[in-house]
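I opened the model today and kept notes as I went. The entries follow the order in which I looked things up.

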Amino acid sequence: MAKKVWHRYIISLCLLLLVVPGMPVHASAPAVSAPAETDSLTDLEGHWAKETITRWIHKGWVHGYSNGTFKPNAPITRAEFVTLVNHAFGFTSAESSLPFTDLPVTSWAYPEVAIAYKAGYFHGASGKANPNQQTVRQEGVVMLANVLRINPAANGDLSPFKDGNLVASWAKGAVAELSARKILKGDGGKFRPTDTLTRAEAVTVIDAALASSQSGGSGSGTSDQTTAYLSDMNLGGELTLVQKGDQGVPAGIGFDKNTNGYTVTLERDMEAVSIPVTVTPESDSAKVEYFVNYMDQAGEQYRKLGTNHAFTIDLKPMEDLHVYITVTSGDGKAKKGYNIDFLYKRNLQETFQVISYPNFNLGDGPHASYSLYSTNLLEQGDVVKLYDSSSRNKLLDTTTVESYGNYMVSLSLMSYSAKYELRTSGNFYIQVSRQGNIFLEGDYGYNLNELNRLTDRTGITVQQLTKQELQDQIKRGGLWKGVAGAVRLTLDPSQWSGVMAEAKYYRVELLDTNQLYQSSVAPLQTVDRGDFDPTGFNVIPVASKGGIYARSTDGNWNVSDAYFQIIFFNGEREPVGYYETTLLPDKEHLADGYTAKHMLDPTLNTGDDIPPVITDMTTITVMVIGNSLGAKLSEKANLYLVPADTELNGRTMHDLVMSGKGRGTVGDTTSSFNIISTSGLPAGDYKLVAVDYSGNVSAPVTIRLV
């Protein structure tokens, strides 16, 4: 995805991330599908660490920022560094109390540092953790040496580095040992021991250390580090394990202890069957747990296996199933995870999906945007040809599939450039080839009609948790420390009638507002069935009767207004309708330290009554239609060009522009000029007006279009 977009899938994921100051990190969440985040991270293209960062994002170990960047060259703090180490190495057990005077238990970093401290690789200095201090390169290396349980010689060989004499005495052995194991690489022959680690450098060096620990060779430290591996895995029946390699490409057949992910393909016409899964750990002292995620239930809890190390799974026709296996070494200090995705064969209609998102570029006038999308079903290198119809008279697009089967083609762009005119419903013809051979082709039908909107809220209750309820949930372990806010959904299927009586599953979409007066995005009739992304489910049985959903922030301790959608599905996982309500946060329903940021009604944002000022406006007061005008702003604000008789009210002007009777843009003070196109507007008198994020309206500038 070449440009940053705001759409339901990305937002669905964002609502379930714990965003901490300075660096988003992954938090456990219900399975919700999302397109590859890297597609929208604008500053990774061409970066030397893009491949490793991409792989980490797909593993859920790190995420980009809400503004569509990753900031690979930004410095990383000590707390952020240990968070990445914990995620990569699977450390989860935390120390009950810490000896550091500068780390309150209320800090978001406290649980991560507590995990690092118990794992034995983080010790602090002089009674302080210094969690917000930037991590210098030699400190990061020492922590990784502790993770790998390396006991290096005090005077290791630093000759590979021209500045080896600058390494602190307490870090020399660790730097030398990690260099010898090829975990650590210099920069132009230098190590730069006191320079700050960047986000990209942290990801790559931790990734190298993890690979070394799993290799079973010289990078594994003492012999007990290999005890968290399986030596074998067997499935009953005539099923085949296919190894998932880098970028999601099949890497081999059968089990390999160094491969984490596997796929098993199920025939569409298979019968329901129960099969045994048998695993063999390398060490008798290792502990094995498993988790089975079924579509029809929330999933079994992690269960410990006995000495026979076997369990049974139930396979059903046309249903995926996911198995997660965790091996813990006898000393409890090493863990390794394996996962098996049992996937039924998809047809063409199930392989692709048309997704929608709002185009908020006000300067272009009102129109929705659509993309044809697929993920984790195709393979890297597959070639997708998109035709306008089954006659194949017009080839609209040819695209080579990227890593992890990610494919996305903007249908809006096609429409804008007159390649294709989207109808309310219709068909494309899609042809997919692999290594020159066509293996999937046919008509793909789409339907852009809005899904049936439900107005009867009987048996549906949506409530924002109060400050006290948030604290109670945190104490019970239902929410994590540092959460900004949360929403409780309560469902009572016994009260449902009509189409709602058919509902067996549901999915929540929490759509945060990122722009002033941002409209909601209605789900389409062709909304996915809950297993479009085969790596997990994004529907939940209504029998669960709801749950609690955490609010996300903008990274600056602000929580914005949001649309809370519940999409309901029948027993065949076909959508039957959706219910939507609006969430307006306030201080009574947010944790301490967080502020409500109102985007739907900015006049609710208090503390700023100074209107924005339109500056450096081009002196042209008469403009030929088709030309563009530009202006600078004193602060971030929306800029509108509306008919002269329009009421100077932010909502009124915004709605008028979105209806096509005006033009506008999301203004920024960093731009040399904020540009508005006049194309398509009728001649007449207009005014240029700015509205800031507190609803303050600027003095208008008069413009005549001729």
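Which residues does valine 85 touch, not counting residues up to four places away in sequence? I found Phe91, Tyr121, Leu144, Val147 and Ile206 around valine 85. Contact here means heavy atoms within 4.5 Å.

**Ground rules**

I am working on a predicted model, where local features need pLDDT of at least 70, side-chain atom pairs count only at pLDDT 80 or more, and totals for chains, interfaces and linings use all residues. Residues are numbered from 1 along each chain as its sequence is written, and side-chain values use heavy atoms, with hydrogens and water left out.

**Whole chain**

I listed eleven helices and 36 strands for the protein chain. Helices (H or I, at least four residues) and strands (E, at least two) are DSSP runs, numbered from the N terminus. Of the 706 residues, 52% count as buried. Buried means under 20% relative accessible area, exposed over 50%, and partly exposed in between (1.4 Å probe, protein chains only). I also looked at contacts with a separation of 6 or more: residues 24 or more positions apart account for 70% of them.

**Nonpolar cores**

I went back to valine 85 and looked for its core. A nonpolar core is a set of buried Ala, Val, Leu, Ile, Met, Phe, Trp, Tyr and Cys residues joined through side-chain atoms within 4.5 Å. The largest one has 59 residues. Phe81, Val85, Phe89, Tyr121, Phe122, Val175 and Ile206 touch the most other members. Helix H2 (50-59), H3, H4, H5, helix H6 (172-180) and helix H7 (199-214) each give two or more residues to this core. I noted a second, separate core of 29 residues, which includes Val264, Val279, Leu315 and Ile340. In soluble globular proteins, nonpolar side chains tend to be buried together.

**H3 against H5**

Two packed helices are described by the angle between their axes and the distance between the axes. Axes are lines fitted to C-alpha atoms, for helices over the stretch in contact, and angles run from 0 to 180 degrees between N-to-C directions. I took helix H3 (residues 78-89) and helix H5 (residues 137-147): their axes come within 12 Å and cross at roughly 30°. H3 and H5 are therefore roughly parallel to each other. Angles under 35 degrees count as roughly parallel, over 145 as roughly antiparallel, 65 to 115 as roughly perpendicular and the rest as oblique. The crossing of H3 past H5 is right-handed. A crossing is left-handed if the near helix is turned anticlockwise from the far one by less than a right angle, and right-handed if clockwise.

From H3, the contact uses Arg78, Phe81, Val82, Val85 and Phe89. From H5, it uses Glu139, Gly140, Met143, Leu144 and Val147. I sorted the contact residues into seven nonpolar, one polar and two charged. Ala, Val, Leu, Ile, Met, Phe, Trp, Tyr, Cys and Pro count as nonpolar, Asp, Glu, Lys and Arg as charged, and the others, Gly among them, as polar.

How many of the eleven residues of H5 are buried? I counted ten. Among them are Arg137, Gln138 and Glu139.

**H3 against H4**

H3 also packs on helix H4 (residues 110-119), with axes within 9 Å that cross at roughly 65°. This crossing is left-handed. Val82, Thr83, Asn86 and His87 of H3 meet Glu112, Val113, Ile115 and Ala116 of H4. I sorted these into four nonpolar, three polar and one charged.

**Single residues**

Is serine 179 buried or exposed? Serine 179, in helix H6, is buried at 12% relative accessible area. Leaving aside neighbours within four places in sequence, serine 179 is in contact with Pro160, Phe161 and Leu184.

Serine 66 sits in the loop between H2 and H3 and is exposed at 59%. I checked its C-alpha against that of glycine 555, 489 residues apart along the chain: the separation is 7.5 Å.

Leucine 411 belongs to helix H9 (residues 411-416) and is buried, at 0% relative accessibility. Its contacts include Val354, Tyr370 and Phe428.

I noted a positive phi, near 65°, at asparagine 376, in the loop between strand S14 (368-374) and strand S15 (383-387). Glutamine 435 has a positive phi near 55° and is exposed at 78%.
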